Amino acid sequence: MDTYADLVFLGGRVVTADAEFSVASALAVTGGIITAVGGRDDVAPLVGPGTRVVDLRGATLLPGINDSHLHGCAFGMATPPLSLDLGHPAVSSLADVAEVVGEAVGRVPGGQWITGHGWDTGYLDECVADPSRLPSRCDLDAMSPDHPVVLYSFSGHATWVNSKALELIGIDRHTVAPPGGAIVVDNAGEPTGLLHEGAQALVQNALPPLSRQERTDAIKSTLATLARLGVTSYTEPGLGPGGDRIMRGALGAETLDVYRRLLADGELTARLGVLLLPTGMASTAEEFARALTALTALDAPGDADPRRLAIHGVKIFADGIVPNKTAWLHEPYAGGGCGSLCVGGATDAERIAGIDVMIRHAHAAGHQLGVHVTGDRAIDTVTDAFAAAVAEHPRADARHYVIHGDFLTAHSMKVLAAHGFGVNMNPTIKWTVADMEEEFVGVDRAAYAWPYRDAIDAGVRVASGSDAPVTYPDWRQGVATMVLRESKAAGRVSGPDQRIGLAEAIRTYTIDAAWQDFADDWKGSLEPGKVADLCVLDGDLLAADPHDIPQMPVVLTVVDGQVVHDTLRD
């Protein structure tokens, strides 16, 4: 035998995620490529003196997981020790948050900024008891009168600051929010310390930008976490000048440079796809066009292996999110209002025209488009704009997609399917917010949110992502949620008619996520000739109770034939 395998797996459930979703029992890897899939007899001739033979003992071998929407640098910055953990169950009340901030005040020099991440009114006792009760600067001031405090919500669409931060930022009752943003005020017209959507840029302008070392440390922390979870590929959905003022610049252009350096140094232990972000959470069509033209240098291919780091296109923000009542809906929220597009413009018609111009401009320039859009009216607007752009500038296989797509309509699904477009959904967000959303849109609409079943049945390509740091990047919980549709807080079923099967759920994290990356011909399934990106899950995933899937350990992760996580040898 001239060439023996580097790795051989035997005695397990090899879930190929191929077109037939076939299941084998053995697989071989040679030189970073899958060279055989089948039974013991198919791989036995490839075993040589240097081959590592892994007896799976009934464990499940999967394609490496592709988290198709994950803010890698931001996730690292949002987790300890780089940020205070304010997510559930670390904190359960506004009082808990104040206590955590007070402890931080005792650890850092006077005047230093204190940052935290993850607060969610759906899991803070005072806000759950009274939905009108929102976080306020008054909750923080007693604990931190002299340290400016900046606390990012789990969604990234709201920021909570104390009075010292408002003072340093220069926000008072006379401050006008940027277009598409909101400065929440009390009955007396004074800022409460809550900033929504584009108004968060006011905070970012005042914060010291992240250093190159901080970015590097954050990304390395994320890569280590992803390796432990079996994630071998992810999409950074928005790096560029539009991210320079989001989370201290974690989504800025310099972060892309850090990724390139990590790859050059052999430290990028997951494959990376990137959407460039020309402008932030709110802009005019004219601002977008100017920024898009200036992205030429960032989009240059350079020396990077495109299978390890690739720029796929650009990201646009079309509207906000349901919990902030900034998603643009056909029917009003409970309590009134329908939200709006976050594009510059004085009227809905002007904003629709603006998003249409932005999409047509980016499409004509040859970019793939990923558009953040959550409300049903906004989604219809975006999908129609996709179709109009393709009609005006025909281009084969553009693979544009809507990001989140919480309230996809039958119309939008039909348009997406007809043109070969996709949707990137977030099952772990569904799991997190299912109960809370009932307060904003009612039981029926909350149950429908993230309609996996309808989208797949309509022929739309569906990929799944965590949107970390919005949620923890655990695909196992995502799979369980797609199959069960149970909520995190109450465990209640939310939208049982939108459940999908296990095989369909796995595809959204593997081959269909690879499709989003224009990479389904070389990754995303376990087939000879494809790259050896692998994930081993202890136990038989196909026979497991879905409730048990989130606790099934990932015991081995392989990227390009190289082991990056291994507890089998511990």
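**Entry 1: a strand pair.** I began with strand β2, residues 13-15, and found that β2 pairs with strand β7, residues 60-63, in the parallel sense. Two bridges join this pair. Val14 is the residue I found opposite Leu61 of β7. A reminder to myself: this is a predicted model.

**Entry 2: the whole sheet.** Next I asked which strands make up the sheet, and in what order.

Entry 3: I then looked for what lies across β7, β22 and β23. Helix α16, residues 475-484, does so, and I noted that α16 runs at about 70 degrees to β22. For my own bookkeeping, β22 covers 534-537 and β23 covers 554-559.

**Entry 4: the largest pocket.** How much space lies in the largest pocket? I wrote down about 600 Å³. The largest pocket is lined by 27 residues, and the closest to its centre are Gly87, His88, Thr471, Tyr472 and Lys488. The elements giving two or more residues to this lining are β10 (114-119) and α14 (427-448). Of the elements, α14 gives the most, with three residues. I sorted the lining of the largest pocket by residue type and got 14 nonpolar, nine polar and four charged.

**Entry 5: the cavities.** How many cavities of 30 Å³ or more are there? The count comes to five. I went to the largest cavity, which holds about 360 Å³ of space. Its lining has 28 residues, and Ser155, Gly156, His157, Asp467 and Val470 are the closest to the centre. Both β17 (309-317) and α14 supply at least two residues of the lining of the largest cavity. α14 gives the most here, with three residues. By type, the lining of the largest cavity divides into 15 nonpolar, nine polar and four charged residues.

**Entry 6: a note to keep.** I want to remember α14, which gives the most to the lining of the largest pocket and the most to the lining of the largest cavity.

Methods: Residues are numbered from 1 along each chain as its sequence is written. This is a predicted model: local features need pLDDT of at least 70, side-chain atom pairs count only at pLDDT 80 or more; totals for chains, interfaces and linings use all residues. Side-chain values use heavy atoms; hydrogens and water are left out. Two strands pair if DSSP finds at least two bridges between them. Helices (H or I, at least four residues) and strands (E, at least two) are DSSP runs, numbered from the N terminus. Contact means heavy atoms within 4.5 Å. Axes are lines fitted to C-alpha atoms, for helices over the stretch in contact, and angles run from 0 to 180 degrees between N-to-C directions. On a 1 Å grid over the protein atoms alone, a cavity is a set of points where a 1.4 Å probe fits but cannot get out, and a pocket is an open set with protein on both sides within 12 Å along at least five of seven lines; lining residues have an atom within 4 Å of a point. Grid points are joined across faces, edges and corners, and a volume is the space filled by probe spheres set on the points. Ala, Val, Leu, Ile, Met, Phe, Trp, Tyr, Cys and Pro count as nonpolar, Asp, Glu, Lys and Arg as charged, and the others, Gly among them, as polar.
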